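Reader: Could we go through the packing of this model together? I would like the criteria stated as we go.

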Amino acid sequence: MTVEAVLWDMDGTLLDSEKLWDIPLAEFVEKLGGTLSAETRRSLVGSSVPRTMALLFGEAGLVPTPEDVADGAAWISRRTEEVFRAGLPWRPGARDALRAVRASGVPMALVTSTERTLTEVALDTLGRDLFDVVVCGDEVGGRNKPLPEPYLRAARLLGVDPTRCVAVEDSPTGVAAAVAAGCTVLVVPCEVPVDTGERRVFRESLTGVDLTALAALLD
């Protein structure tokens with residue numbers, strides 16, 4: 001079966017940025033008077049902004065108002081942008097995999113839970129010319145991963161059938177979204193383990209990945 005498009009997650013898949021998110025998330029909880037636990041941090045991998053904020057305030061034993069949530073999200077966004085601009089490391093094999101698939105001519109999308117402002121910073125490292133479509137977490141009407149809408153939106157924008165797309169993901173949240181959208185998923189776990197399941201093929205890294213390797217997942 002022909003791969004109609006490749007849909008890439010960003011944090012933890014292409015960029016080793018989950019570790020960088022540790023900085024503003026932990027600092028924010030400290031500002032609230034709490035401590036970010038390892039368990040809560042793991043649960044935030046791939047999470048949406050509303051869920052993330054609820055868990056962060058919960059770490060400090062606080063129930064936030066909508067204004068608190070908005071102010072807190074803005075603070076984290078500003079601090080994360082500072083961290084991102086200091087340098088974004090690649091995941092093993094990701095840079096070469098991106099360019100190999102791009103060279104094949106197949107359409108590509110970046111599908112991330114990260115908001116547009118921070119994604120634009122990351123695209124300076126990734127290469128914005130590599131993607132035909134970019135779908136960000138604040139562009140899906142609140143239906144972020146693990147719901148399928150981010151991947152469905154990317155497929156709609158590209159004019160392709162999601163069941164003939166390969167998504168590349170690292171987290172349980174992202175994998176659930178891609179599977180629900182009908183994609184076959186190449187899973188390269190990063191910070192947290194991912195359960196086996198339907199339409200999931202596991203790999204230790206993106207080293208050596210090209211369109212031929214991705215097309216084999218649809219056979």
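Reader: What is the basis of the values?

Author: This is a predicted model, in which local features need pLDDT of at least 70 and side-chain atom pairs count only at pLDDT 80 or more, while totals for chains, interfaces and linings use all residues. Residues are numbered from 1 along each chain as its sequence is written, and side-chain values use heavy atoms, with hydrogens and water left out.

Reader: How many aromatic pairs does a search of the whole structure find?

Author: The search finds 3. Rings of Phe, Tyr and Trp (its six-membered ring) pair if their centres lie within 6.5 Å; planes under 30 degrees apart count as stacked, over 60 as edge-to-face and the rest as tilted.

Reader: Which type is the pair of Phe28 and Phe57?

Author: Their ring centres are 5.6 Å apart and the planes stand at 80°, so this pair is edge-to-face. Since Phe28 belongs to helix H1 and Phe57 to helix H3, the pair ties together parts 29 residues apart in sequence. Helices (H or I, at least four residues) and strands (E, at least two) are DSSP runs, numbered from the N terminus.

Reader: And what of Phe28 and Trp75?

Author: That aromatic pair is tilted, with 5.9 Å centre to centre and 35° between the planes. It links Phe28 in helix H1 with Trp75 in helix H4, 47 residues apart.

Reader: Is Phe28 buried or exposed?

Author: Phe28 counts as buried, at 4% relative accessibility. Buried means under 20% relative accessible area, exposed over 50%, and partly exposed in between (1.4 Å probe, protein chains only). Phe57 is buried at 5%, whereas Trp75 is partly exposed at 21%.

Reader: Changing topic, at what angle do the axes of H3 and H4 cross?

Author: They cross at roughly 100° and come within 10 Å. Axes are lines fitted to C-alpha atoms, for helices over the stretch in contact, and angles run from 0 to 180 degrees between N-to-C directions. H3 and H4 are therefore roughly perpendicular; angles under 35 degrees count as roughly parallel, over 145 as roughly antiparallel, 65 to 115 as roughly perpendicular and the rest as oblique.

Reader: Which residues make the contact?

Author: H3 contributes Val49, Met53, Leu56 and Phe57, and H4 contributes Asp68, Val69, Gly72, Ala73 and Ile76. Contact means heavy atoms within 4.5 Å.

Reader: Which residues of H6 are buried?

Author: In helix H6 (residues 116-126), these are Leu118, Thr119, Val121, Ala122, Leu123 and Leu126. Their cover includes helix H1 (18-32), helix H4 (66-85) and helix H5 (94-104).

Reader: What happens just after H6?

Author: Gly127 takes a positive phi of about 105° there.

Reader: Finally, how many residues are in the largest nonpolar core?

Author: That core has 47 residues, and those with the most contacts inside it are Trp8, Leu126, Phe131 and Leu206. A nonpolar core is a set of buried Ala, Val, Leu, Ile, Met, Phe, Trp, Tyr and Cys residues joined through side-chain atoms within 4.5 Å.
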